[in-house]
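I opened this structure to look up a few local features. My notes follow in the order in which I took them.

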Amino acid sequence: MINITIDGKKLTVEENTTILEAASENGIKIPNLCYDGRVETYGACGLCVVEAEGSAKLLRACSTKCSESMVINTKSDRVIRARKTALELLISDHDGDCKAPCSLECPANTDCQGYVGLIANGEYKQAVRLIKERIAFPSSIGRICPHPCEKKCRRKYVDEPVSIAALKGFVGDMDLASDDRYIPPVEPDTGKRVAVIGGGPGGLTAAFFLRRMGHGVTVFDMMEKMGGMLRYGIPEYRLPKSILDREIKQIEDLGVNFKNNVKIGRDISLDELKKDYDAVVVALGAWNSSKMRIAGEDCEGVIGGIDFLREVALGNRPEIGGRVAICGGGNTAMDACRTAVRLGAKEVRVLYRRTRDEMPAEDIEIKEAMEEGVDFCFLSSPCEIISENGKLKSVKIQKYELGEPDESGRRRPKAVDGSVEEVEFDTVIMAIGQYPELEGFEGLEISAKNTILADSGSFRTSADGVFAVGDVSNRGASIAIEAIGEAQKASVVIDRYLNGEDVKYKKPFYVERTLPDGYFDKFEKAVRAEMPVLPADERKNSFKEVALGISEETAVNEAMRCLECGCHDYYECKLIEYANEYDVKPQKFSGEKHFRNNEDKSSLIIRNADKCILCGLCVRVCEEREGVTALGLIGRGFDTIVNPELSLPLDLSSCTFCGACVDVCPTGALKEKQPIKKQLAVEEESRKSVCELCDKLCPIDIRYIGDTVTRIKPGDKNTLLCKKGKFDLTDKLNGAQK
Amino acid sequence: MAENIDLTLLDKTLEDYASVKGSLITVLQHAQDIYGYLPEEIIKHISDKMSIPVAKIMGVATFYTQFRLKPVGKYLIMLCKGTACHVNNSDLIEKTINETLGISDGETTEDGLFSLKNVACLGCCSLSPVMMINGETYGSLTPDKVIGILNTLRQNALEEGNEQ
Amino acid sequence: MKIVVGEGSCGIAAGAAKVYSAFEKLTEKYDGIDLGFTGCNGMCFLEPIVDIYDDNGDLTRLVKVSENDCEAIIKAVSENSLEDLEALKISKEDEEFLNKQTRIALRHCGLINPEDIDEYLACDGYKAVEKVLKTMTAQQVIEEIKVSGLAGRGGAGFPTWFKWNAARNSEGSEKYLICNADEGDPGAFMDRAVIESDPHSLIEGMLIGAYAIGAGEMVVYVRAEYPLAVKRLEKAIKQAEERGFLGENILSSGFSCKMRIKAGAGAFVCGEETALIESLEGNRGMPRLKPPFPAQEGYWHKPSNINNVETYANVAWIILNGGEKFAQMGTENSKGTKVFALTGKIKRGGLVEIPMGMTLREVIFDIGGGIRDSKKFKAVQMGGPSGGCIPESLLDTVIDYKALAQTGAIMGSGGMVVMDESTCMVGMAKFFLDFTTKESCGKCVHCRLGTKRMYEMLTRIVEGNGRPGDIELLEELCYSVKDGALCGLGQTAPNPVLTTLKYFRDEYEAHINNKKCPAGECSALIKYVIDSSKCVGCTKCAKNCPVNAISGKVKQPHAIDADKCIKCGKCRGNCNFSAVEVR
């Protein structure tokens with residue numbers, strides 16, 4: 001036995017122990033990518049370097065044996081720097097997408113590819129489980145979300161994006177209708193109490209996640225019912241209240257307390273809440289309609305878009321007359337004009353300063369509004385409201401033309417001199433913007449935009465223990481999924497805060513690829529599933545839901561269209577784990593990157609050379625353990641590549657499909673082909689067992705999702721499986737269950 | 001082309017070396033001397049006779065710059081890219097060859113006459129810049145000299161062709 | 001009378017073989033004239049060289065001989081009128097090249113016929129082996145080498161006795177002695193010259209080493225690009241076997257040792273000893289982790305000792321003359337002599353063997369004659385891709401492992417490439433990184449990707465796309481690669497960048513900040529112009545311009561159209577009046 005010191009810890013280890021072994025035996029983590037106890041040490045990755053007193057060089061922990069009285073530092077600046085550079089260099093030539101663009105684009109980072117894949121495989125409950133890691137109300141959000149995910153869906157380069165939102169709605173509805181609903185697990189009570197102000201998408205999301213973490217949560221809302229803008233800002237025909245009610249009920253069922261008809265500053269003060277609770281989340285919506293700042297707009301007959309929608313949602317039928325003008329081009333304007341149609345207005349006209357191309361509203365909303373008879377006047381905007389006896393009479397409409405693009409890239413409208421017409425209306429609905437009401441929050445620092453100022457990473461406001469998310473904070477009003485995303489991230493931060501830690505949300509580092517022209521040529525086209533809708537005539541006169549939902553068959557087919565951009569081995573990848581741990585900035589070494597784009601999808605193993613980091617483990621395990629040498633290193637230097645003999649596909653090579661290469665691969669360069677319709681890129685569940693296919697009784701780790709065994713991994717770090725245990729058993733287990 | 005490869009030409013080499021461990025590189029060198037390059041059939045044949053996996057042989061054959069997996073032209077131009085040659089503007093010589101023959105490093109002219117290969121150092125530093133064509137060294141090169149040499153070789157090849 | 005033609009590779013490349021065959025035809029007609037050949041005497045700049053020995057053994061040296069001169073030479077020799085050959089005789093000045101050298105490793109080079117063991121035997125050949133086998137124990141041999149202070153001449157400068165001792169003390173009866181003749185440094189060729197010119201001295205040195213460590217087999221790993229060396233060494237091994245210097249029971253001492261050659265296949269990294277071993281075993285030449293060192297687990301995992309050619313070439317001399325005598329030469333840290341391949345923009349380039357402790361200035365200016373074409377010295381690159389550039393201000397640095405290392409360069413295997421003012425130092429760094437990138441085996445991350453990224457940064461700098469911060473980023477990467485690379489190739493790859501950054505940082509800055517190449521070499525940053533006061537209108541430039549960018553009337557100054565110009569530099573090379581300038 002010899003005595004050594006690692007990071008100040010005095011240890012006694014056996015002779016001939018490497019530094020890496022000594023460290024890991026004593027719970028000290030030293031990163032490595034090319035080391036695996038099951039094959040001979042190689043020393044390529046340079047990640048396991050450590051500093052030892054008396055040695056001028058950095059030592060590779062994987063191969064350097066401990067010597068008496070050695071003093072080792074595994075965390076010195078020099079060590080960290082060397083590891084970081086190694087990782088940055090590796091990533092500079094590692095081509096792939098850790099996560100799919102849809103998921104990265106989603107403000108809540110919902111695992112779109114994950115649940116789409118689960119739907120493709122019929123794992124609906126698992127899909128809901130996955131969605132609910134980010135979104136508390138899949139059915140509602142599936143209906144109303146403007147789905148930024150679909151805008152980034154790469155399927156659009158083949159034909160059209162995958163109908164991600166419709167799939168979310170589909171699976172959410174399925175769960176709501178099921179006897180076996182997914183109920184998220186709730187951690188044991190922590191004894192901490194959190195007050196959430198505002199029961200809209202942001203507040204309910206914060207409540208949902210904080211409750212799941214075991215905290216006591218009370219949501220305060222000024223309205224009669226929870227839901228906020230989902231209830232009072234979105235018309236029934238888009239999001240039926242019955243759906244919303246059921247999803248909110250599920251949140252309540254987790255043990256969240258709801259207190260309605262409570263307004264801060266009126267019924268209770270922020271200070272009281274701060275005193276009574278361990279943390280307060282301010283998640284108000286933007287309930288005030290912005291004014292147009294034109295002459296005469298304060299007369300009777302001119303109404304804010306959001307006020308109008310709220311009235312209708314409350315069950316009132318405001319008198320709007322036959323001629324209604326809606327000012328604005330966003331989704332609220334569309335909701336307002338279509339609601340006006342449903343209230344019986346004969347002549348509904350949208351006035352928008354730019355053209356249809358610049359309209360921020362969803363295309364489908366514009367299309368459906370047009371079908372319902374809404375008249376669109378582009379390049380038009382009111383410049384004055386004419387009233388008679390305090391009551392609206394007519395609107396002076398200024399014509400515009402498009403000028404130079406502004407900072408947002410949209411072309412700036414310019415008034416056309418002298419081109420003004422006066423048109424009579426019974427009601428004018430101003431849907432040009434919303435802002436929050438901050439009464440009762442005077443104690444918090446307010447931004448220039450008249451929102452509560454919160455740190456973008458910690459969501460902390462100027463008051464300790466008070467956090468703010470969604471429309472009420474920083475940027476101001478936006479779409480629901482933005483508020484949901486912030487609330488989910490904030491819940492993680494708040495949980496840590498309640499534990500006495502001061503952390504910030506940090507966007508994880510992901511490897512993302514830029515694909516060349518022509519990349520999508522190889523994919524076969526398949527038509528996107530369109531949401532079936534009620535005929536325009538039928539929907540004009542009722543608040544019945546317009547979207548009819550998609551069938552299971554359509555949903556599965558649609559989900560199959562997914563291109564599976566995100567890496568299937570993201571949850572197994574050591575490279576990305578270290579990249580985030582070491583806070584890499586690989587852009588600085590950006591240069592030539594290999595793009596081989598020839599994934600070898602063999603019968604059991606999928607090989608992707610673009611993700612290979614040349615650790616050599618697969619080649620070594622193939623030769624050393626299997627004695628097969630189906631894989632070899634080809635070429636040298638920067639252009640070295642791992643290939644089967646003569647660059648044949650694995651199926652035609654001498655590969656015996658023991659799968660050992662897959663089990664030692666530290667990245668997604670080698671992975672098992674899952675025995676399912678659509679390959680999944682989601683974190684599986686794991687169950688330890690023993691392979692009983694022969695008397696060796698190898699320990700195994702069964703990975704499964706729902707009812708499907710996706711793959712089998714060796715049960716411990718000393719085991720490698722054979723084809724029977726690795727692949728045949730997977731089929732057996734799945735067969736037995738079916 | 002493939003069916004013309006006469007495996008028996010390698011018999012003697014394999015007889016001498018197949019069972020001597022560590023002889024793979026030597027056998028590949030002999031094979032290349034015989035066939036001019038390393039055809040796939042030969043690699044498989046060597047794998048068979050020496051019981052070395054093909055993947056491993058490919059690994060070796062692609063690691064060393066000496067080995068070629070494709071046939072080369074009648075004249076193999078080895079252009080020295082050593083330090084002394086670099087300092088004496090071997091880049092200009094390379095450019096001249098590129099322009100004159102329309103090929104870059106590792107390529108062969110369409111007529112199969114010339115192949116160009118940049119090499120690390122031929123060790124004739126005092127004659128730099130230097131190139132070696134089929135074993136003959138040409139030193140103190142200038143662009144004009146290079147063009148002259150290439151023209152002469154092309155002429156020789158044409159005449160040989162005519163004679164046959 | 002005897003005519004001896006110098007036939008080393010570079011002599012042959014310069015035409016020595018043609019000269020030899022011309023003599024061969026002619027000597028048939030003349031009696032009493034012996035024709036012979038020898039290896040390389042190192043005066044590459046004078047090749048082909050013909051030495052004429054009269055019957056007293058006195059030498060007349062003729063240089064730059066062409067086959068057309070042979071008849072006149074034969075005539076003069078046969079008529080004993082050597083004074084007729086005045087024009088071909090070596091100049092007094094050029095003779096200095098050899099006179100200032102001290103030759104141990106090269107002691108027979110250019111003097112004896114390398115293909116004739118008797119000529120080697122005639123100058124005390126194999127006497128050292130005899131002495132060792134008959135009068136010394138292995139420990140005594142190692143002790144003698146220790147006294148000599150001989151250090152590995154391949155680059156690292158590790159004490160030879162120490163390695164021998166370690167291999168000797170390693171357990172196991174099966175041991176190997178290996179010679180690294182994979183001279184990979186582009187710009188060094190002393191090992192080739194030794195094998196081509198004096199193969200028996202290598203065999204003898206290795207035999208002594210084998211005896212010292214107890215090896216029964218010796219392997220010489222030779223570069224594939226050295227066919228003549230392989231041929232002559234094969235011949236020498238055969239002769240040595242025939243005379244009983246190799247094989248069973250050598251000189252009836254009971255010591256047996258065989259020797260064979262293994263040809264490399266083109267991989268610089270195989271100069272690294274563990275990579276060399278991998279290659280010897282028929283694998284990809286990728287370095288192994290050290291420890292275990294080859295002395296413990298080397299070739300076929302048996303204790304092995306590896307030295308390079310030059311190191312072994314000193315051994316027999318040390319045994320015969322005593323370690324003390326060897327150690328008297330040199331400095332505190334570095335004993336004996338060192339061979340350098342002096343090349344580049346030097347007047348007299350060739351092989352130079354000098355005692356350690358001489359200054360760089362002495363080697364470059366006194367022996368090498370300074371810079372040719374009356375240009376200014378700028379830097380000397382020592383140690384090839386693993387070494388660094390030493391500027392003029394440090395020319396008085398003595399040749400000594402430690403002193404050279406302090407400059408940031410290394411002793412290296414002996415490549416000494418001289419650069420003048422027209423060499424761009426950023427371009428030089430790029431050249432070396434291009435080399436290491438191509439030669440990186442690809443195993444470890446820092447070398448495979450680090451050198452590639454360094455090369456890319458250097459490329460963008462010389463192409464005028466350098467960005468502020470690139471210098472710092474380069475430096476950061478250099479230190480990381482030095483720290484993180486697995487073997488010597490990667491660990492030393494940043495040296496050319498670091499030394500040029502250290503001594504020529506202003507050149508980097510000029511490229512990045514001012515988009516100028518001070519040496520006028522980087523084509524993206526320069527333009528060619530014709531100085532109308534110098535141009536005589538000979539039209540040569542215009543005729544040779546590949547893109548017709550030059551216009552002008554006969555006998556009137558020409559001009560270059562900058563838009564058309566591709567900066568190939570042909571006009572400048574062709575101008576006899578130095579009228580084409582780089583700006």
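Before reading any sheet I noted that two strands pair if DSSP finds at least two bridges between them. Strands (E, at least two residues) and helices (H or I, at least four residues) are DSSP runs, numbered from the N terminus.

This is a predicted model, in which local features need pLDDT of at least 70 and side-chain atom pairs count only at pLDDT 80 or more, while totals for chains, interfaces and linings use all residues. Residues are numbered from 1 along each chain as its sequence is written, and chains are lettered from A and ligands numbered from 1 in the order in which they are written.

Sheet in chain C.
I looked up the strand order and found an open sheet of four strands, β2-β1-β3-β4 of chain C, with mixed pairing. β2 (34-38) and β4 (59-62) of chain C each have a single partner strand, so they stand at the edges, and one side of each has no neighbour in the sheet. From one strand to the next the twist averages 25 degrees. β1 (residues 2-6) of chain C runs parallel to β2(C), and five bridges join them. I checked Lys2(C), and its bridge partner in β2(C) is Asp34(C).

Helices in chain C.
Angles run from 0 to 180 degrees between N-to-C directions, and axes are lines fitted to C-alpha atoms, for helices over the stretch in contact. Contact means that the C-beta atoms of two residues, placed from the backbone, lie within 7 Å. I found α2 (residues 16-27) of chain C lying across β1, β2 and β3 (50-53) of chain C, at about 160 degrees to β1(C). The axes of α8 (residues 160-169) and α10 (residues 199-213) of chain C come within 8 Å and cross at roughly 45 degrees. Trp164(C), Ala167(C) and Arg168(C) of α8(C) make the contact with Gly209(C), Ala212(C) and Ile213(C) of α10(C).

Backbone exceptions.
Most peptide bonds are trans, and most residues other than glycine have a negative phi. I noted a cis bond from Ser128(B) to Pro129(B), with omega near -5 degrees. Pro129(B) sits in the loop between β2 (114-119) and β3 (131-133) of chain B. The bond from Lys290(C) to Pro291(C) is also cis, with omega near -5 degrees.
His147(A) has a positive phi, near 40 degrees, and lies in the loop between α6 (138-144) and α7 (148-152) of chain A. Tyr126(C) has a positive phi of about 65 degrees.
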